[in-house]
Each structure stands twice: as C-alpha cells, then as structure tokens.
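This note is intended for a colleague who is meeting the structure for the first time. Please read the numbered points beside the sequence and the model.

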Amino acid sequence: MYREFYGLTQKPFSILPDPHYLYWGHSHSLAYAMLEYGVMNRAGFTVVTGEIGCGKTTLIRHLLERLDEEYTVGLVSNIQDGELLQWVLMAFGQPYEDKSHVALHDELQQFLIREYAAGRRTILIVDEAQNLGPKLLEQLRLLSNINADNDQLLQLILVGQPQLKGLLQAPELVQFAQRVASDFHLSPLSADDIEVYIGHRLSIAGREMPLFTREACEILFEASRGIPRIINILCDTCLVYGFARMAPEIDAKIVEEVIEDKRKHGIFDVGPPKETKAVDNIVALEKKEEGPEEKPALVIHDKELAKLIFKKLRPHT
C-alpha cells in the first residue's frame, strides 16, 4: 500500500529470510567467513549461534545459494525427539521409514559412500540446534565418525540460539566440543549500523533517497536493540503510519508513535519505555566504570583462518 508513495518496487522490510537483502555488517561478515571456512576446509563441525532474529537463517540461505553441484546439502530444523537417523535421511531424500536403527545407520553410510565416490561432499545443516539435547548431540558426533581413508564423509553445521553455546559447554559434551573446528556468535547490529542497514534495504527495494531521519534511526536502534527482525517489523509499521499521514519522510515523531503503540498493543518487547532510560543510563555508566565484562565473540588461533576473515571483511560488492 505504501510502495508507490515512497518510490519502492517491493517491500523493503519483510521478515522472511532473503539473502538478496543481506546486510554485510561486521558481525555478519565474520559469521559468514566462519561458515565458508568450515565448508572449504572440510570441518567436521561448524557452529553459529545468535539471538532470535539476528539473521542466522539468512546467512545459511546465502551459503546454500553459493554452493555448487559439488555439494550435497541436507537441512533439518527444530529436531526435538524421534530417531535422529530418520531426520537425517529425510533431509537427504533417502528412504527412512520402517527400518531398524541398524538398518538406518547402514542406509546413511551407504548414501555417504555413494556421494563420496561420485566426487560430491555431503553437508548436513541443523537449524534451531539449541533444541537438541545431549543425547541427540552425542548421536550427531558419532555420525561424524563415518570416514573414508583420511576424508570425512559428513560435515555438520549447527545453527542455533545462544542456549546452544551453553549446551555444548556441558561436561558430558566435551568430546563434541573438541570436534568443533569453526564457531562464531552472531551479534545484533551496532548503533553505527542502523542507518546504513535501513538505507541498504531501501536501496534494494528501489529507493536511493534517504527516507528515515537520523533521529528516527537512533530511536529505532534503542527500541530494537539492534536485532534486524525487530528493526524490520518496526520500519514496516513506520511506513504504514507515514503513508497514512502522507508524510514525505519517517521522522522521530512517527517512530515514537509506532513504538508506543507496539508497547501498548503489541506482542513483543520493543525496548524500555522513555521513563526508564535515565535509570538504564546510570546503570550502564556504573558498569562501564567497573570495567568491561563482555567476552570477545571470536578468538582466532589459525593463521589461515585469520587471513580468510580479514579478506572477507573487505566491503562486499
């Protein structure tokens, strides 16, 4: 309804994962470099974690678009119970019904051997992996033991919410954690990213001129905490409100009205109300004086990995 009014050819702030809209901020560039490194170097396990709505699935879709016929990829999501081997075989389009556990394992092993003999590398991507318990994770680790000579027949990429990190740090999963060759925690966008992120999506949707004022962007960052999905939801609603008022731009007043309505009538949190900001600022200042508590999202020990990451951090064209 607002596309023609604002000079857009499509909706710029859809919440569906769309690799064409992927914004290559610092954190997303690093996360993708880790994914690509894991694939290229035949890593047994690659793990990417991040808050809900930070763009993990979009990164995976971008990876899938770039993989050629040399790769056979299976994708499973939200496994919580049942026979793991059935889920894995289903992901690769292989028969899995009415088979014993031993028969399922043999079916998977024969499939992996066939793919290897045909010169194809097999990758299993497990999305929402935080829902896997220790038992299923251990079963995944055992699947990685299927080898041919010195080559690993199955690579695994685990993608999940921050709880996955805690799960993998459990004492009973030490062997699993030691198999993880590449991992990264995807952070929300920074305050410096927000205006560029919004402009990036508007540009892909057909509008080159700025639409959101700088003050509007600052308020959106505070309300969304830098989480792309929440930014998209708020921006889309702002465009509806702006169109209803025939506003030529989205200013702070429109954004504040949208946020206030979301707080009163919405179903998700959009940041603290105005009256709590002063208290939050005092708490933040006290924490700053005490010293930083945050641990680095990534520590690099591999020289070749470091070279790849620095290369990936160059602006994408």
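1. Where is the place of Arg-42? Arg-42 sits in the loop between α1 and β1. Its phi is near 55 degrees, a positive value in a residue other than glycine. Arg-42 has a relative accessible area of 39% and is therefore partly exposed; buried means under 20% relative accessible area, exposed over 50%, and partly exposed in between, with a 1.4 Å probe and protein chains only.

2. The model is predicted: local features need pLDDT of at least 70, side-chain atom pairs count only at pLDDT 80 or more, and totals for chains, interfaces and linings use all residues. Residues are numbered from 1 along each chain as its sequence is written, and side-chain values use heavy atoms, with hydrogens and water left out.

3. On the chain as a whole, the secondary structure comes to 13 helices and seven strands. Helices (H or I, at least four residues) and strands (E, at least two) are DSSP runs, numbered from the N terminus. Of the 317 residues in the chain, 45% are buried. Among contacts between residues at least 6 apart in sequence, 75% join residues at least 24 apart, where contact means heavy atoms within 4.5 Å.

4. Helix α1 (residues 26–40) and helix α2 (residues 56–66) have axes that come within 11 Å and cross at roughly 45 degrees. Axes are lines fitted to C-alpha atoms, for helices over the stretch in contact, and angles run from 0 to 180 degrees between N-to-C directions. The two helices are therefore oblique to each other; angles under 35 degrees count as roughly parallel, over 145 as roughly antiparallel, 65 to 115 as roughly perpendicular and the rest as oblique. The crossing of α1 and α2 is right-handed, a term used if the near helix is turned clockwise from the far one by less than a right angle, with anticlockwise giving left-handed.

5. The contact itself brings His-28, Ala-31, Tyr-32, Leu-35, Glu-36 and Val-39 of α1 against Leu-59, Ile-60, His-62, Leu-63 and Arg-66 of α2. By class, seven of these residues are nonpolar, two polar and two charged. Here Ala, Val, Leu, Ile, Met, Phe, Trp, Tyr, Cys and Pro count as nonpolar, Asp, Glu, Lys and Arg as charged, and the others, Gly among them, as polar.

6. Which residues of α2 are buried? They are Lys-56, Thr-58, Leu-59, Ile-60, His-62 and Leu-63. These buried residues pack against α1, β1, β3 (121–127), β6 (154–160) and β7 (180–186).

7. Thr-46 lies in strand β1 (residues 45–50). With 2% relative accessibility, Thr-46 counts as buried. Leaving aside neighbours within four places in sequence, the contacts of Thr-46 are Met-34, Leu-35, Gly-38, Leu-156, Ile-157, Leu-158 and Ser-182.

8. Helix α8 (residues 194–204) and helix α10 (residues 228–244) come within 12 Å, axis to axis, and cross at roughly 60 degrees. Their crossing is right-handed. Ile-194, Tyr-197, Ile-198 and Arg-201 in α8 are in contact with Pro-228, Ile-231, Asn-232 and Cys-235 in α10. Sorted by class, this contact has six nonpolar, one polar and one charged residues.

9. Arg-229 also belongs to helix α10. It is partly exposed, at a relative accessible area of 37%. Not counting residues up to four places away in sequence, Arg-229 touches Ile-15, Ile-52 and Gly-53. Arg-229 and Pro-17 are 212 residues apart in sequence, yet their C-alpha atoms are 9.4 Å apart in space.

10. How many disulfides does the structure hold? The number is zero, a disulfide being a pair of cysteine sulfur atoms within 2.5 Å. For Cys-235, the nearest cysteine sulfur is that of Cys-238, 6.0 Å away. Cys-235 is buried, with a relative accessible area of 0%, and Cys-54 counts as buried at 1%.

11. Helix α9 (residues 214–224) and α11 have axes that come within 8 Å and cross at roughly 20 degrees. α9 is therefore roughly parallel to α11. Glu-215, Ala-216, Ile-219, Leu-220 and Ala-223 in α9 meet Ala-252, Val-255, Glu-256 and Ile-259 in α11. By class, that contact has seven nonpolar, no polar and two charged residues.

12. Met-246 is found in the loop between α10 and α11 (252–265). Although Met-246 is not a glycine, its phi is positive, at about 55 degrees.
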